[in-house]
Amino acid sequence: MTTDSRVQSAEHHDGSLVLIAEHTGKIYQCSPTASLMWRTIEEIGDLDHAADTIAARCGITVVQARSDLDAFVATLAEHRLTRGTSKSGRNRS
């Protein structure tokens, strides 16, 4: 899975992030935790490895990190902010 190239991001000094979806004209404000997830997905792409990284950075279990990441990714997909594969393995754009 990857972040959509039509989405620009700008980080604030407090660690929060603004996402600007050029293809929809919408702007999204992310908390510092959501910002970490977004940046980790951008850097790593693979959700299993991203969950490992988030768990280590946040001091939580990998199971909890993956659950939180899955919920975040579902929200991103709902708002058309990512591209990638669904749980069935089919391409999703």
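**Stop 1: helices α1 and α2**

Select helix α1, residues 32–44, and helix α2, residues 47–58. α1 passes α2 in a right-handed crossing. The model on your screen is predicted. Two packed helices are described by the angle between their axes and the distance between the axes. Here the axes come within 9 Å and cross at roughly 135°. Oblique covers the angles left over when roughly parallel (under 35 degrees), roughly antiparallel (over 145) and roughly perpendicular (65 to 115) are taken out. α1 and α2 are therefore oblique to each other.

Now show the side chains where the two helices touch. On α1, pick L36, M37, T40, I41, E43 and I44. On α2, pick L47, H49, A50, T53, I54, R57 and C58. Colour them by class. The contact of α1 with α2 holds eight nonpolar residues, three polar ones and two charged ones.

**Stop 2: helices α2 and α3**

α2 passes α3 in a right-handed crossing.

Select the touching residues next. From α2 come L47, D48, A50, A51, D52, I54 and A55. From α3 come V62, A65, R66, L69, D70 and V73. In the contact of α2 with α3, nine residues are nonpolar, none is polar and four are charged.

**Stop 3: the sheet**

Select β2, β3 and β4. These three strands form an open sheet in the order β2-β3-β4, and their pairing is antiparallel. Which strands stand at the edges? β2 and β4 (26–30) do. Each has a single partner strand, so one side of each is left without a neighbour in the sheet. Look along the strands. Neighbours in this sheet are turned by 20° against each other on average, direction ignored.

**Stop 4: β2 beside β3**

Zoom in on β2, residues 7–11, and β3, residues 17–21. Strands of a sheet pair through backbone hydrogen bonds, either parallel or antiparallel. How many bridges join β2 to β3? Five do, and the two strands run antiparallel. Click E11. Its bridge partner in β3 is L17. Then click V7. Its bridge partner in β3 is A21.

Bring α1 back into view. α1 packs on the sheet and touches β2, β3 and β4. The direction of α1 makes about 130° with that of β2.

Next, follow the hairpin of β2 and β3. Five residues lie between its strands. Stop at G15, which takes a positive phi near 95°.

**Stop 5: S35**

Select S35 in helix α1. Is S35 buried or exposed? Its relative accessibility is 0%, so S35 counts as buried. Show what surrounds it. Leaving aside its neighbours within four places in sequence, S35 is in contact with G15, S16, L17 and C30.

**Last stop: the whole chain**

Zoom out and colour by element. The chain has three helices and six strands. Trace it from the N terminus: the elements run β-β-β-β-α-α-α-β-β. Then colour by burial. Of the 93 residues in the chain, 35% are buried. Residues 24 or more positions apart account for 35% of them.

Notes. Residues are numbered from 1 along each chain as its sequence is written. This is a predicted model: local features need pLDDT of at least 70, side-chain atom pairs count only at pLDDT 80 or more; totals for chains, interfaces and linings use all residues. Side-chain values use heavy atoms; hydrogens and water are left out. Axes are lines fitted to C-alpha atoms, for helices over the stretch in contact, and angles run from 0 to 180 degrees between N-to-C directions. Helices (H or I, at least four residues) and strands (E, at least two) are DSSP runs, numbered from the N terminus. A crossing is left-handed if the near helix is turned anticlockwise from the far one by less than a right angle, and right-handed if clockwise. Contact means heavy atoms within 4.5 Å. Ala, Val, Leu, Ile, Met, Phe, Trp, Tyr, Cys and Pro count as nonpolar, Asp, Glu, Lys and Arg as charged, and the others, Gly among them, as polar. Two strands pair if DSSP finds at least two bridges between them. Buried means under 20% relative accessible area, exposed over 50%, partly exposed in between (1.4 Å probe, protein chains only).
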